[in-house]
Amino acid sequence: MLGLMQDWPLRVSSIIDHAAKYHAGRAVISRSIEGPVTRTTWEGIRTRALMLAQALARLGVRPGEVVGCMAWNTSRHMEVWYGVPGAGAVLHSLNPRLGREQLVYIINHAGDRWLFCDRDLVAILEGLAADLPQVKGYVVMTDRAHMPETGLANVLCYEEIVGSEAGEAPWVAVDERAACGICYTSGTTGEPKGAVYSHRSNVLHAMVMIQPDMLDLSCTDVLMPVVPMFHANGWSTAFSAPMAGTAMVLPGRRLDPASLYAMLGHGVTITAAVPTIWLMLLTHLRDNGLTLPDLNRVVIGGSSCPRAVIESFQNDYGVRVLHAWGMTETSPLGTLCSFKPEIAALPAEERLEVQLKVGHPPFTVDLAIRAEDGDGGGEMLPWDGEAQGRLLVRGPGVVRRYLGQEADCIDSEQWFDTGDAATIDPLGYVRITDRFKDVIKSGGEWISSIEMENAALAHPDVAEAAAVGVAHPKWGERPVLVVVAREGKQPPADEIVDLLRPHFAKWQLPDDVIYVDEIPHTATGKISKLKLRQVLDEMGYRLPDQRGA
Ligand code: ADP
């Protein structure tokens, strides 16, 4: 016997319909690329997204075709976020910080037909255009008065194409399993790989994101995603906020602490970004004696959150830290560190210790850890908080196959291997100890680079730290610690190593502390161990064979 309830396709257009109908007046405040702060509502976003969908149809964009977008977080980007899938097309988000070669590769690989971009990013596309034979034209996301001079062929003005439509046509009703968006992994190892989200996976994932033990989003919140919409599905914020009727503040292109602080002033109660952004903001707050009166919680993920950041937010500013783990391939939320009753009952200091873990998964995310045996066949490991293995994940928001590949990237039980090294404790809290390719293996034993980096960051004069394995004739690999000191400071090596002692066995301590002016970062603002190894190579360090620069 079948159930007799309605089939109601899970399409992202239903999210914006809901927000516009039931939370119509909720504000979407945005720092525009032209400069001024603009203000619209969910109803306004929906109306213009419908107009854009119609404009796309007029341009000949067919359902299933791919439209690229290289843009900062603004209300226009939000319109594109819904307008493109609303036309039945697929939105490919492009990170402007990627190198030329990677951008050309992913735009061609995904088969982008049209490219949207902010006016300040036109020059990047000009530099690529000669190698993009499939692209039919470009749309610059501004009005006629602000259109830049450009040598691009077939360039349209966003406000003109949107403004000439009435937006009365309905959303294109694609199957809920149809592709909705594409996001490539940054390709730090090998070619970038495309994760293709469906309408259904995005809707389910957003429903999970807003739950109380995840972001706990409500229509009384004001959410500011600092994480760019082009990074890992924008952490789903552009779907979750309208689903919950949450107001939004979009910071535009300026992500320096002073600009972010100004945007937080629009009553932001919850915000989200990678740890580097928060390290800078906290320094800015401290140096200028500022407070965070409205902010209630901050989502931190993308790389491990240092203890000092959690402590400062919570103790100095009364802002709760939600440490999260996820990846492009998982939509991206995998786990979030909210407190189960057993944890809530602990003294504050012990709770803080738990917050260094990335928390537990919501319904729809299933996890396991498997022993590392080199070819993916190890046994499943116990959840004792000690056994360390490869973190596996499965669920309706987890990738099955990368775009354009012939084989699935999961095993027969649907497990996707994240490439992360992790432990899981009896309560189901996950600790990410490393990326497998970054684990330092000394004398057959593992040393967690993440733990070493976090311990070093506890030194007040250390601005950034990265632990890397260098080749050693006897031990295979030995750790070295690369440090960027705070401006005008010179923390002595023995002081830093002393800070590590309580957390590490003697043989795990770094052989060398190396001072550099800057640690290289990836296009998503994380430490790039790959480039750092190249730097060490140039400095004369020998690198382990399998991960040479
Ligand atoms: P990229 O490879 O471009 O950084 P992702 O943003 O998808 O792409 O990165 C996902 C990876 O980021 C995870 O596999 C994990 O290694 C790391 N990561 C994400 N969140 C955390 C966290 N809270 N702690 C430690 N590592 C994290």
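At what angle do the axes of helix α3 (residues 75–86) and α8 cross, and within what distance do they come? In this predicted model, the two axes cross at roughly 90 degrees and come within 11 Å. Because angles of 65 to 115 degrees count as roughly perpendicular, α3 and α8 are roughly perpendicular to each other. The points below take up the residues of that contact, then two further helix pairs, and finally the surroundings of the ligand.

**Helix α3 with helix α8**
- The contact is made by M78, W81 and Y82 on the α3 side, and by A238, F239 and P242 on the α8 side.
- By class, the residues of the contact of α3 with α8 divide into six nonpolar, no polar and no charged.

**Helix α7 with helix α8**
- Helix α7 (residues 199–209) packs against helix α8 (residues 237–244) at an angle of about 65 degrees, and their axes are 9 Å apart.
- That angle makes α7 roughly perpendicular to α8, and the crossing in which α7 passes α8 is right-handed.
- From α7, the residues N202, V203, A206, M207 and M209 take part, and they meet F239, S240 and M243 in α8.
- The contact of α7 with α8 has six nonpolar and two polar residues, with no charged residues.

**Helix α1 with helix α2**
- Helix α1 (residues 12–22) and helix α2 (residues 42–58) pack with their axes 8 Å apart, at an angle of about 135 degrees.
- The two helices α1 and α2 are therefore oblique to each other, and their crossing is left-handed.
- On α1 the contact is made by I16, D17, A19 and A20, while on α2 it is made by W42, E43, I45 and R46.
- The residues of the contact of α1 with α2 divide into five nonpolar, no polar and three charged.

**Surroundings of the ligand**
- There are 17 residues around the ligand, and of these S186, A324, T328, D420 and K526 come nearest.
- T328, one of those nearest residues, has a backbone N or O atom that lies 2.6 Å from an oxygen atom of the ligand.
- In the side chain of R435, an N or O atom is 3.0 Å from an oxygen atom of the ligand.
- For H323, a polar side-chain atom lies 3.1 Å from a nitrogen atom of the ligand.

Technical notes. Residues numbered from 1 in each chain as written. Predicted model: local features only at pLDDT ≥ 70, side-chain atom pairs only at ≥ 80, totals over all residues. Heavy atoms only, no water. Axes fitted to C-alpha atoms, helices over the stretch in contact; angles between N-to-C directions. Helix = DSSP H or I, 4+ residues; strand = E, 2+ residues; numbered from the N terminus. Parallel < 35°, antiparallel > 145°, perpendicular 65-115°, else oblique. Left-handed = near helix turned anticlockwise from the far one by under 90°. Contact = heavy atoms within 4.5 Å. Nonpolar A, V, L, I, M, F, W, Y, C, P; charged D, E, K, R; others polar. Near = heavy atom within 4 Å. Polar contact = N/O pair within 3.5 Å; in protein donor to acceptor, adjacent residues only side chain to side chain.
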